[in-house]
Every structure is written in structure tokens, then in C-alpha cells.
Amino acid sequence: MNHYETVFILNPVLSEVQVKETVSKFEDFLTSKGAKMISKEDWGLKKLAYEIQNKKSGFYHLFEFQVSGEALLAFETEFRRDERVMRFLTVSLDKHAVAWAERRRAKLKESSKA
């Protein structure tokens, strides 16, 4: 099982319910393929650096997970088929990136307690 991180941007015209449905759809898809979800973050509505599909903002989400390479191909195909997804990027994490992600999560957890 390889370690991956995916950031995806959803269309800003979606309602809060539609955003949650879309995020849970992709999470369910991953878990159905045997993925182990490590972290899931909602970064909220953010302004884009440049327009995508004539939109100036989008809902950002991050998934960190472990899954086989074959399942990843099907996962990315699902992103391409869903019209609610404006952009996505999946990267493979090496041991240093995994350690950095753990520190980032710990830092986020500390700041949310304060």
C-alpha cells in the first residue's frame, strides 16, 4: 500500500449539502477499494490564483490515505467524471513527506485546542 495525498477543488456554486455529499462520495469510493483514510481536511471556500471554468473561488478539500496503485487509477477516473470537481492533484508521499504531514496534523490539533 502506497501513501498518497489528494487535494481537490469543488465548484463554488454547490450548496453545503452538495459539498458534503461529494466529499463523502469520494471517501466512500476510496474505502470501498480497500484504502485506509489517514486524514481528511476541509479547507473551505478559497479564492483561486486564476479562473477555472470562469470561477474565481472553490471549496478545497484534502485527503491523506493509503491504497494500492490500481485503486488510485480508478479514484482519479472518478474525479474526471464528476462535473462538481474543478481540479484535483494526487501526489505520492515519501517517508519525509509522511513525517511532515504528521507534524502538520499535530500542529493543527494543538491550535484547535487553544
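This is a predicted model: local features need pLDDT of at least 70, side-chain atom pairs count only at pLDDT 80 or more; totals for chains, interfaces and linings use all residues.

What is the volume of the largest pocket?

Modeller: The largest pocket has a volume of about 180 Å³. Its lining is made up of Glu 16, Val 19, Lys 20, Val 23, Lys 40, Glu 41, Asp 42, Gly 44, Phe 59 and His 61. If you ask which elements give two or more residues to that lining, they are H1, S2 and S3.

Let us start with the helix. H1 lies across S1, S2, S3 and S4, and its direction makes an angle of about 25° with S3. Those four strands form an open sheet in the order S2-S3-S1-S4, with antiparallel pairing. Strand S2, residues 36–52, and strand S4, residues 85–92, are found at the edges. Each of these two has a single partner strand, so one of its sides is left without a neighbour in the sheet. From one strand to the next, the twist averages 20°.

Now step inside the sheet, to S1. Seven of its nine residues are buried, so S1 is largely enclosed by the rest of the structure. With S3, S1 pairs in the antiparallel sense over nine bridges; in that pairing, Asn 2 stands opposite Val 67 of S3. With S4, S1 again pairs in the antiparallel sense, over seven bridges. Ile 9 stands opposite Arg 87 in S4, and Glu 5 has Val 91 of S4 as its bridge partner.

Leaving out residues up to four places away in sequence, Glu 5 touches Leu 62, Phe 63, Glu 64, Leu 89, Thr 90, Val 91, Leu 93, Ala 101 and Arg 104.

The largest nonpolar core has 19 residues, and the members that touch the most others are Leu 10, Phe 63, Phe 65 and Phe 75. At least two residues of this core come from each of strand S1 (2–10), helix H1 (16–32), strand S3 (55–67) and helix H2 (69–81). Take Phe 75 as an example: not counting residues up to four places away in sequence, it touches Thr 6, Phe 26, Phe 29, Leu 30, Phe 63 and Phe 65. Apart from this core lies another, of five residues, including Ile 9, Leu 48, Ile 52 and Tyr 60.

Setting aside neighbours within four places in sequence, Glu 76 is in contact with Phe 88 and Thr 90. Thr 90 is also among the residues that Glu 5 touches. Glu 76 and Thr 6 are 70 residues apart in sequence, while their C-alpha atoms are 9.6 Å apart in space.

What sets their backbone apart? Most residues other than glycine have a negative phi. Yet phi is positive here, near 55° for Gln 53 and near 60° for Asn 54. With a relative accessibility of 44%, Gln 53 counts as partly exposed. Asn 54, at 68%, is over the 50% limit, so it counts as exposed.

Notes:
Residues are numbered from 1 along each chain as its sequence is written. Side-chain values use heavy atoms; hydrogens and water are left out. A nonpolar core is a set of buried Ala, Val, Leu, Ile, Met, Phe, Trp, Tyr and Cys residues joined through side-chain atoms within 4.5 Å. Buried means under 20% relative accessible area, exposed over 50%, partly exposed in between (1.4 Å probe, protein chains only). Contact means heavy atoms within 4.5 Å. Two strands pair if DSSP finds at least two bridges between them. Axes are lines fitted to C-alpha atoms, for helices over the stretch in contact, and angles run from 0 to 180 degrees between N-to-C directions. On a 1 Å grid over the protein atoms alone, a cavity is a set of points where a 1.4 Å probe fits but cannot get out, and a pocket is an open set with protein on both sides within 12 Å along at least five of seven lines; lining residues have an atom within 4 Å of a point. Grid points are joined across faces, edges and corners, and a volume is the space filled by probe spheres set on the points.
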